[in-house]
Amino acid sequence: MTKTLTITTPDDFHVHLRDDALMASVVPYTAKQFARALVMPNLKPPITTVDQAIQYESRIKSALESYNHFQPLMTLYLTDKTSLDEIKKIPEYKQIVGIKYYPAGATTNSDSGVRNIDDRYDVFELMEKLDVALLLHGEVVDPGIDIFDREKVFIDQHLLKIHKTFPNLRIVLEHITTKDSTDFILSSSKKVAATITPQHLLLNRNHMFVGGINPHHYCLPILKREAHRQALLSAASSGNSKFFLGTDSAPHLKSTKENACGCAGIFSAASAIELYAEVFDELNAIDKLEGFASFYGADFYGLERNKSSINLIKEDWVVPEKITVGDEAIIPLYAGRKISWRVI
């Protein structure tokens with residue numbers, strides 16, 4: 001008997017859409033599965049003001065004329081120069097839901113990020129008063145810290161202190177990768193939550209080296225040990241509302257992934273909700289998928305839950321080998337591999 005699943009249309013609470021022609025090529029993959037998506041602001045130049053965020057939202061919508069249901073949720077990029085006056089504008093715009101912290105140099109287009117997080121406590125204090133969410137790329141960038149320990153060190157050195165200092169500040173520790181993060185989230189107040197990506201549920205760090213170095217499995221935060229992946233699987237499928245969906249889908253052209261740079265980022269939007277369904281089904285927790293994908297993120301951000309629904313069927317299909325972008329291509333997560341759930 002064919003197995004089908006109907007869930008409330010999900011939201012993606014962490015996605016990179018880029019801009020211009022690349023955005024036009026990738027954003028339909030997100031819009032066809034999700035009602036809303038929280039868009040990262042790390043463009044070149046970054047989205048640092050309310051006006052820039054509204055203009056970016058308009059460009060996204062213009063690229064999606066056939067997906068009128070889709071609502072991009074916008075963020076501002078926190079810098080050393082972000083003014084309190086700019087933060088004060090945010091409550092006037094319901095589509096701007098948070099401010100993104102990048103440590104300077106931590107990941108793609110993060111050069112404009114914050115050099116010393118302690119210097120921006122004035123921003124966090126105002127955000128707490130205005131109830132604006134802080135979205136964290138939770139890593140330290142000290143070259144003396146092992147890359148596999150950056151998340152844990154960030155929690156120990158910074159996040160514990162931030163949460164204690166600003167207990168009513170809503171915080172999302174994004175794209176968590178370790179048991180240290182799941183333990184922190186579980187031990188913190190309801191003001192703290194986390195997003196989990198498909199790649200960190202499906203892959204461990206060994207997958208970067210199967211058959212040689214695989215640049216298409218390189219992302220930041222980097223894949224971790226199997227024990228950490230198991231902790232993420234437990235958290236995502238637990239039904240705990242502090243963990244919700246955020247793909248961190250990040251398109252990079254094949255030519256920029258397969259070169260001496262090997263830039264960080266995994267494009268999962270081509271099969272995102274199907275990959276999550278595969279994970280939850282394998283865990284015998286398919287009944288927990290709707291909460292994780294459709295309810296908990298909306299609830300945390302104070303958004304109305306979506307009224308529409310999507311249908312999935314348990315039926316084998318093959319993820320495309322590539323996504324064509326002009327004369328180039330993007331290699332999606334699980335490219336050329338068979339998976340067993342698809343959106344009808």
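**Close-up views of a predicted model**

Lys88 is partly exposed, at 48% relative accessibility. The structure shown in these views is a predicted model.

**View 1. Lys88 and Asp85 form a salt bridge.** The closest N and O atoms of Lys88 and Asp85 are 3.9 Å apart. The two residues are three positions apart in helix α3 (residues 84-89), and therefore about one helical turn separates them. Asp85 counts as exposed, with 52% relative accessibility.

**View 2. A salt bridge joins the side chains of Lys89 and Glu86.** The N to O distance is 3.3 Å. Lys89 and Glu86 also belong to helix α3, where they are three residues apart, about one turn of the helix. Lys89 is partly exposed at 34% relative accessible area, whereas Glu86 is buried at 12%.

**View 3. Arg170 and Asp131 meet in a salt bridge between two loops.** Their side chains come to 2.8 Å, N to O. Arg170 lies in the loop between α5 (150-165) and β7 (171-173), and Asp131 in the loop between α4 (121-130) and β6 (133-136), so the pair ties together parts that are 39 residues apart in sequence. Arg170 is buried, with a relative accessible area of 11%; Asp131 is partly exposed, at 41%.

**View 4. Salt bridges link Lys3, Asp281 and Lys314 in a network.** The whole structure contains 20 salt bridges.

**View 5. Strand β10 (residues 309-318) pairs with strands β1 and β13.** Strand β1 (residues 4-8) runs antiparallel to β10 over five bridges, with Thr6 opposite Asn311. Strand β13 (residues 338-343) is likewise antiparallel to β10, over five bridges; here Ile313 has Arg342 as its bridge partner.

Technical notes
Residues numbered from 1 in each chain as written. Predicted model: local features only at pLDDT ≥ 70, side-chain atom pairs only at ≥ 80, totals over all residues. Heavy atoms only, no water. Pairing = 2+ DSSP bridges. Helix = DSSP H or I, 4+ residues; strand = E, 2+ residues; numbered from the N terminus. Salt bridge = Lys/Arg side-chain N within 4 Å of Asp/Glu carboxyl O. Buried < 20%, exposed > 50% of the residue type's maximum accessible area, 1.4 Å probe, protein only.
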